[in-house]
Amino acid sequence: MFKNLINEKNWIFKECDSDFQYKLQKDYDLPPFIAKAVLNREKENIKSYVNLDKSSFIDPYLLDGMKEAVDKINEAVKNMKTIIIYGDYDVDGITSTYILVHYIRSIGGLVSYYIPSRLGDGYGLNERALINLKEKGADLVITVDLGINAINEAKLCKEIGLDLIITDHHIPPEGELPDCIAVINPKVSKNYPFKSLCGAGVAFKLVCALSKMEKSIFDYYIAFAAIGTVADLVELNGENRFIAKYGLKKLKDTNNKGLLSLFESARIDINSVTSSSVSFGIAPRLNAAGRLSSADISVELLLCDDNIKACEVSEFLENENIKRKEEELKIFNEADKIISEQELFNDDIIVVSSKGWHHGVIGIASSKITEKYYKPSIIISVDEFGEGKASGRSILGFNLFDAIKYCSENIEKYGGHALAAGLSIKEENIDIFRKNINEYAKEVLTDDILTPSINIDDTISISDVTLKNIEKLKILEPYGTKNPNAVFCIKNLKIVSKKEIFEKPHSFLTLTDGTLSFTAPAFNLKDKTNLFNIGDYVDICGIINQNDFNSKSYAQFIIRDIRPSRKIFFTRNDLKKLYTLIKNEPIENVSVDIIAKKLSFGGAKLYRILNTFMQLDIINFEISDDDKITITKSKEFEGKTNLSDSCDFTTYSYKEEI
């Protein structure tokens, strides 16, 4: 919608200590804007952030329970006890499971694994599964990426004589921890200084302790810990950043047949793998089986030692990922249609439900709904028995877990954190839940929270977009949560030309600063770039990256957002053209496009001048959901006015005609 596209994101320009910035420039031979980007991510341990060597890796034995776990596992291996690794069905759980199964097998242990079904068992330790494992001869169960809340399940293990070790990274329950041989979780370890390891990171720590930090073991398994770390979206700072960076480097040397076939299937060059390769290439494929069928397939791929079988499994995961995308798109389209028909977009929190949606992918669909409307959303899939399973996503500044907790009396079960949560609910309670959670949101959500923002590291010029600077920017890698890709702004650029990709939501803009020019891609921004005309002056923000094409490398600027240039966007003559049109023609329920074309304006210019007139109290205007505009002249329309009384005029107008 035109009026939604016009609403600008809040560009937040980060500030840092100029003395620190200058020192960093000199110490590491960095351009000022890259030094500033470093300081925007790390102010205290700059040397550790920049160098990122093995000194960042913390002694595994600082984790509570590590000695007890190592002793018990060594005893079980020595006495040929049956060990089961009990994992989760996401990438973090899959890589954690692989790390422990593969290592314990390599030292002669009798080990297998069990991953619960997302659809049949749900998340976490399952009492029925534990009893079944014991009946089949299991002596020791080691959890990975789950179990910290398994108080009752731990008691059951004691009753049936099943030894239990829990390795996890999630927030522990208040009060008691599960009573078992060992609980290894950085969040409950008093002496462990880094609390944000993922499940694969904890499993890797256990292997490091079991192997007495043998270098070859360390170098092999850290690659899988890196995949889990990047995929699980844990904070990519401190020890996690070391695991990710060193692990991605070692991933290039892997001989794991399953991984190699997966990289080939995903068309990713393993020699240039990045955190983005993992996030958008490897993780979705490993995840696909657990979402639609069984995560066992992904574990088997990593354990596979046969090239032909590895290729077959990779092809299967590729097809599962395609199905996942199709199912996700189907749910998104159906949910969006319901939102439109029932006008749920007017709610502060969008709660939408339907029967038969695959709850393995409703979380991804919720992410897309939240992205489209920039509001928290919860998607509920109801089965034939009237039981609903839901997944929700939030926006920065709004704690979705707290909101759901507030409505807990209408919910069967819930969990999660600030930005993502899940719940179970009976179908008959969905309407009252929607009402209650929106009542809560009205008291918490503000205009500031509901305005999307972009953090910008610094303002640069076209001349800064070079391959040399791209090489220097690698000091920031790998990118991820709490260590985002560096975003820069270039101001006061004139649009020379626009090129659109047929049936794709992408544009390419050729821009000039009057001396230099370049062409910048604007992926998924066609609707927004269409608001601007050739000749308009704009500010752009985005990232600098390397484009390899036809055996050549180019530096390019990828546009993340575009806005009217401050102080250089419209003239007094532009104001006069629109004023004359309003004076001479009644404008009631007229298409925005028709007016813009009459004036040779882009939509962004039309909107800003309309805002200027409204701020001067000479008109009022309304834009309908189908982009029809109605303009009403005020009594002061033909009176004298001071243009500087409009903040839009002082912000966007030329100081003089040029």
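Helices H21 (residues 572-584) and H23 (residues 603-615) pack with their axes 10 Å apart and at an angle of about 75° (axes are lines fitted to C-alpha atoms, for helices over the stretch in contact, and angles run from 0 to 180 degrees between N-to-C directions). H21 is therefore roughly perpendicular to H23, a label for angles of 65 to 115 degrees. Helices (H or I, at least four residues) and strands (E, at least two) are DSSP runs, numbered from the N terminus.

This is a predicted model, in which local features need pLDDT of at least 70 and side-chain atom pairs count only at pLDDT 80 or more, while totals for chains, interfaces and linings use all residues. Residues are numbered from 1 along each chain as its sequence is written, and side-chain values use heavy atoms, with hydrogens and water left out.

Where the two helices touch (contact means heavy atoms within 4.5 Å), H21 contributes Asp574, Leu575, Leu578, Tyr579 and Ile582, and H23 contributes Lys605, Leu606, Ile609, Leu610, Thr612 and Phe613.

Elsewhere, an open sheet is built from 5 strands in the order E3-E2-E4-E5-E6, with parallel pairing; two strands pair if DSSP finds at least two bridges between them. Its edges are E3 (110-114) and E6 (182-184), each of which pairs on one side only. From one strand to the next, the twist averages 20°. Within this sheet, E2 (residues 82-86) pairs with E4 (residues 140-143) in the parallel sense over 4 bridges, and Tyr86 has Thr143 in E4 as its bridge partner. Helix H6 (residues 91-106) lies across E2, E3 and E4 and runs at about 165° to E3.

Technical notes
Parallel < 35°, antiparallel > 145°, perpendicular 65-115°, else oblique.
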